[in-house]
Amino acid sequence: NYTSDNSNQYGDNWNNEDLSLYSRDQCRGLPKPYDGGRALQAALRPHAIAIAGAPQTQTFDMKSKDYELKIATAALATPTEVFVPNFQFPSGYAFQTSAGRVEVDKDRQRLRWFLQDAAPAGSVQSLWLWDPVVRRRRRQQWIIAALLAVGVAALSLVASSLLRGEA
């Protein structure tokens, strides 16, 4: 939703709604075109622009920055094209496919996935994108949590032994 005259005081100036993705009142000096943007984490997400086949599923997790696209392929020479916003992936992204080859155009925020001659028509193929920085941070958090759990369990055993007078 975009309302050019949205304001913090009057919202979208209709029906007491305040759903616009842009508001002059929200301008904070961010780099263009994001300045004045609202709910950009939700609005600027990866999505298929053109699919060489039939879409099956498409998901994006805003917290983990994991994106998955599944398509049933068609015998087409054109690629599947995915919008991959630099806003979500400022440090870049990693990807994997079940088949085919990929071309990345970071300036145009596009990923082109070519499946012709790489997968039989009608087969379901997948494309995965993720932010390596976020994934590494999540892995480190998991390791720390596991180490803390082991440490707490070990301390509990030592404390039990001390209380029973075994140490």
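This is a predicted model: local features need pLDDT of at least 70, side-chain atom pairs count only at pLDDT 80 or more; totals for chains, interfaces and linings use all residues.
**View 1. The antiparallel pairing of β6 with β7.** Strand β6, which covers residues 101-105, pairs with β7 in the antiparallel sense, and five bridges are found over this pairing. Glutamine 109 is placed in the loop between β6 and β7, and its phi is a positive value in a residue other than glycine. As background to this view, most residues other than glycine have a negative phi.

**View 2. A network of salt bridges around glutamate 103.** Arg101, Glu103 and Arg112 are linked to one another in a network of salt bridges. By the rule applied here, the count of salt bridges in the model comes to four. In general terms, side chains of opposite charge can pair when their charged atoms come close.

**View 3. The salt bridge of glutamate 81 and arginine 110 between β4 and β7.** The side chains of glutamate 81 and arginine 110 meet in a salt bridge, with an N to O distance of 3.2 Å. Because glutamate 81 lies in strand β4 (residues 80-83) and arginine 110 in strand β7 (residues 110-114), this pair ties together parts that are 29 residues apart in sequence. Glutamate 81 has a relative accessible area of 15% and is therefore buried, the cut-off for that class being under 20%. The strands themselves also pair, since four bridges join β4 to β7 and the two run antiparallel. In this pairing the residue of β7 that stands opposite glutamate 81 is arginine 112.

**View 4. The open sheet β2-β3-β8-β5.** Four strands form an open sheet in the order β2-β3-β8-β5, and the pairing is antiparallel. Strands β2 (53-61) and β5 (94-97) stand at the edges with a single partner strand each, so one side of each is left without a neighbour in the sheet. Neighbouring strands of this sheet are turned against each other by 10 degrees on average, with direction ignored. Strand β2 is joined by eight bridges to strand β3 (residues 66-73), and these two run antiparallel.

**View 5. Lysine 70 and glutamate 68.** Lysine 70 is the bridge partner in β3 of threonine 57. The side chain of lysine 70 also meets that of glutamate 68 in a salt bridge, at 3.9 Å from N to O. Lysine 70 counts as partly exposed at 30% relative accessibility, and glutamate 68, with a relative accessible area of 22%, is partly exposed as well.

View 6. Glycine 53 lies in strand β2 and is partly exposed, with a relative accessible area of 28%. The C-alpha atoms of glycine 53 and threonine 73 are separated by 4.4 Å, although the two residues are 20 residues apart along the chain. When neighbours within four places in sequence are left aside, glycine 53 is in contact with Ala72, Thr73, Ala74 and Leu76.

View 7. The place of serine 126 is in strand β8, which spans residues 124-130. At 7% relative accessibility, serine 126 counts as buried. Apart from neighbours within four places in sequence, serine 126 is in contact with several residues, among them Glu68, Leu69 and Lys70, as well as Gln96, Thr97, Ser98 and Trp113.

**View 8. Aspartate 117 in the loop between β7 and β8.** Aspartate 117 lies in the loop between β7 and β8 and counts as exposed, at 77% relative accessibility. The phi of aspartate 117 is near 65 degrees, which is a positive value in a residue other than glycine.

Notes
Residues are numbered from 1 along each chain as its sequence is written. Side-chain values use heavy atoms; hydrogens and water are left out. Buried means under 20% relative accessible area, exposed over 50%, partly exposed in between (1.4 Å probe, protein chains only). Axes are lines fitted to C-alpha atoms, for helices over the stretch in contact, and angles run from 0 to 180 degrees between N-to-C directions. Contact means heavy atoms within 4.5 Å.
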